[in-house]
Amino acid sequence: MKVLVVDDEKPARDRLRQILEDESDYEVVGEAGNGHDAVALAAELVPDVVLLDIRMPGLDGIETARHLNELDKPPAVVFATAYDEYAVDAFEARAIGYVLKPVRRSRLTAALEQAARLAGAALREVATEARLDAPRQNVCARIHGELKLIPVSDISCFRADQKYVSVEHDNGQDLIDDSLKSLAEEFEAQFVRIHRGALVAVSRIEKIEKTADGKSRVVLREGSQVDDKELIISRRHVAEVRRRLRES
Amino acid sequence: MTATPESKSQDSQAYLPDFCAASTLFIVLLVAELVAIALTLAAHDAGGQFLIELSKTSFFVIWLALLGTAVMCQLRNRLESSGATRAFVISFVLLEVICLLLAEVSWQLTRIFAESSIINDTHGNFILRTFAVSSIVIALAMRYLYVSSEWRRSIVLEAQARISALQALIRPHFLFNSMNTIASLTRSDPTQAEEAVEDLSDLLRVTLSSPKEMSSLKQELETAAIYQRIEKLRLGDRLTVRWDVGDLPMRARVPNLTVQPLLENAIYHGIELLPEGGEVNVVGKRDGKMLEITMSNPVASGKARDKDGNKMAMSNIQQRFDLAYNGRASVSVDDSGDQFTVTLRFPENEGDV
């Protein structure tokens with residue numbers, strides 16, 4: 001069984017490697033010190049299981065697991081934590097594999113054996129129950145079978161585009177699988193809906209102006225990669241957009 | 001008039017006892033009767049009939065006590081919420097008004113039904129005497145209640161400080177992560193594992209000492225340095241701490257566990273959440289008779305989670321400072337920018353408890 005070890009602390013990674021090296025059934029194929037590297041390595045090495053620390057800087061364990069789910073061959077996941085009572089309760093409730101630090105050999109092998117791939121919905125619930133449900137810091141686009149993490153801070157606009165949602169960000173435009181509705185909920189603090197099919201980052205809005213035919217539209221700050229003409233605000237959303245703009 | 005033994009834990013913070021409780025009523029009546037006896041004894045002379053005088057006085061005083069207790073029972077919750085000083089002033093005025101009203105009613109009743117043969121006094125004099133005696137007794141009772149409530153509160157504060165001190169150090173995350181680090185090092189670097197166990201033991205020993213104990217600033221800084229060594233094993237290059245505390249008098253007395261919890265906070269809420277880590281800056285200054293320790297650390301932008309945990313740690317330190325310096329020390333926090341800064345200000349060598 002191929003295992004990828006992810007923890008931001010080197011001694012913790014060493015410990016997992018030490019234990020697994022003694023066991024003939026497991027092979028540590030790689031180590032990552034953060035969530036970004038973990039997603040990239042998992043795509044490259046295609047491990048069977050990823051051992052994920054929950055508390056990591058940048059992408060935490062649960063957000064990393066959500067991105068891992070988007071891979072072509074998503075690995076099973078086992079979480080590791082020193083002490084997160086809420087997360088542990090959430091894992092127990094859903095029979096999600098986890099180990100407590102200091103890691104015990106018998107517990108680790110048992111968890112690896114049981115490790116199963118998790119549905120995205122379960123992870124979202126866990127994130128809420130574990131009180132780690134901060135909005136993701138990245139959204140995940142799939143390009144020719146590879147995963148690309150787009151930092152939310154780079155995004156000016158989400159737009160519904162037939163089956164997909166198109167993300168317009170500082171480095172171009174990509175399609176993602178999330179629904180506009182779930183994105184609106186997750187990022188409600190940063191984004192505002194301007195019409196049925198578009199969310200715009202409040203921080204990117206410079207002003208609201210009237211078009212020649214009397215409609216309102218959003219003008220984005222310089223550097224935002226969106227064609228302004230398309231950002232018409234529908235009548236029922238004008239008041240809300242103005243309110244959000246005043247508050248920011 | 002002590003609080004009833006079965007009173008709830010939140011009552012330990014209350015100013016006034018629970019007047020609705022039977023035990024409180026009993027004590028109120030007992031005190032009232034003792035006052036009646038004292039009054040009768042004081043007025044008694046050879047010619048008078050002691051028991052008859054006593055029964056008349058008791059009758060009046062007990063009525064006063066019952067009525068006063070009933071009113072306090074009804075109003076206690078509202079009085080409690082208005083703060084200690086106001087609660088006592090309002091209670092005093094209220095009870096005084098009740099006494100005067102009852103005195104007036106008694107006078108009128110005896111005049112109508114007994115033609116003044118019960119109260120051997122003029123109208124004005126009777127009201128005046130009631131006023132004077134009740135003022136003294138109520139004032140004494142209020143004073144007693146105030147002192148005992150302060151005493152209860154100080155016990156609670158001390159207990160909280162004790163718990164705070166425990167919480168301040170053994171953050172479960174830290175303990176378990178350290179154990180995990182040690183487990184890892186036992187194989188890869190046994191010497192370092194040995195040192196880590198020694199360091200962790202020293203740290204736990206400090207935590208188990210009494211939170212009321214004072215230690216020298218030198219010891220405090222040493223404890224923080226031990227803590228830093230353990231965290232450094234875990235975080236490696238991500239953690240840098242710059243100490244600039246040469247100006248502080250190392251023999252100054254400070255409460256146990258003052259500096260280390262600040263460093264722990266800086267790491268747990270700051271450095272640990274930064275992928276590249278960062279630098280914690282500790283600066284010590286002397287300002288006349290006051291000493292100042294400032295600790296600042298960078299914070300991750302975006303995810304500002306666990307702000308509550310941070311607040312709790314700060315209020316822990318604040319509580320223990322209040323207890324040690326009687327309000328002459330301050331803990332201030334500035335988290336406006338991308339740095340989180342805590343400043344401790346406390347008098348030099350004045351903390352002996």
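Two strands pair if DSSP finds at least two bridges between them. Helices (H or I, at least four residues) and strands (E, at least two) are DSSP runs, numbered from the N terminus. This is a predicted model, in which local features need pLDDT of at least 70 and side-chain atom pairs count only at pLDDT 80 or more, while totals for chains, interfaces and linings use all residues. Residues are numbered from 1 along each chain as its sequence is written, and chains are lettered from A and ligands numbered from 1 in the order in which they are written.

**View 1. Strand E4 of chain B and its two partners, E2(B) and E5(B).**
E2(B) (residues 239–244) runs parallel to E4(B) (residues 278–287), with 6 bridges. Leu239(B) has Gly278(B) as its bridge partner in E4(B). E5(B) (residues 290–298) is antiparallel to E4(B), with 7 bridges. Here Arg286(B) is bridged to Leu291(B) of E5(B).

**View 2. Pro261(B) in helix H8 of chain B.**
The helix spans residues 259–269. A residue is buried if 20 or more other C-beta atoms, placed from the backbone, lie within 10 Å of its own, exposed if 12 or fewer, and partly exposed in between. Pro261(B) is buried because 24 other C-beta atoms lie within 10 Å. Thr223(B) is 38 residues from Pro261(B) in sequence; their C-alpha atoms are 10.0 Å apart.

**View 3. The largest nonpolar core, with 65 residues.**
Such a core is a set of buried Ala, Val, Leu, Ile, Met, Phe, Trp, Tyr and Cys residues joined through C-beta atoms within 7 Å. Val50(A), Leu51(A), Val77(A), Val78(A), Val126(A) and Val200(A) have the most contacts inside it. Domain 1 (2–129) and domain 2 (150–247) of chain A both contribute residues, so the core lies between them. The domain bounds come from an automatic or database domain assignment. Another core, of 41 residues, lies apart from this one and includes Ala196(B), Leu257(B), Ala313(B) and Ala324(B).

**View 4. Contacts of Val200(A).**
Two residues are in contact if their C-beta atoms, placed from the backbone, lie within 7 Å. Beyond four places in sequence, Val200(A) touches Ser156(A), Cys157(A), Phe191(A), Val192(A), Ile194(A), Ile205(A), Val218(A) and Leu231(A).

**View 5. Where chain A meets chain B.**
Chain A supplies 17 residues and chain B 24 residues. The chain A side has 8 nonpolar, 4 polar and 5 charged residues. Ala, Val, Leu, Ile, Met, Phe, Trp, Tyr, Cys and Pro count as nonpolar, Asp, Glu, Lys and Arg as charged, and the others, Gly among them, as polar.
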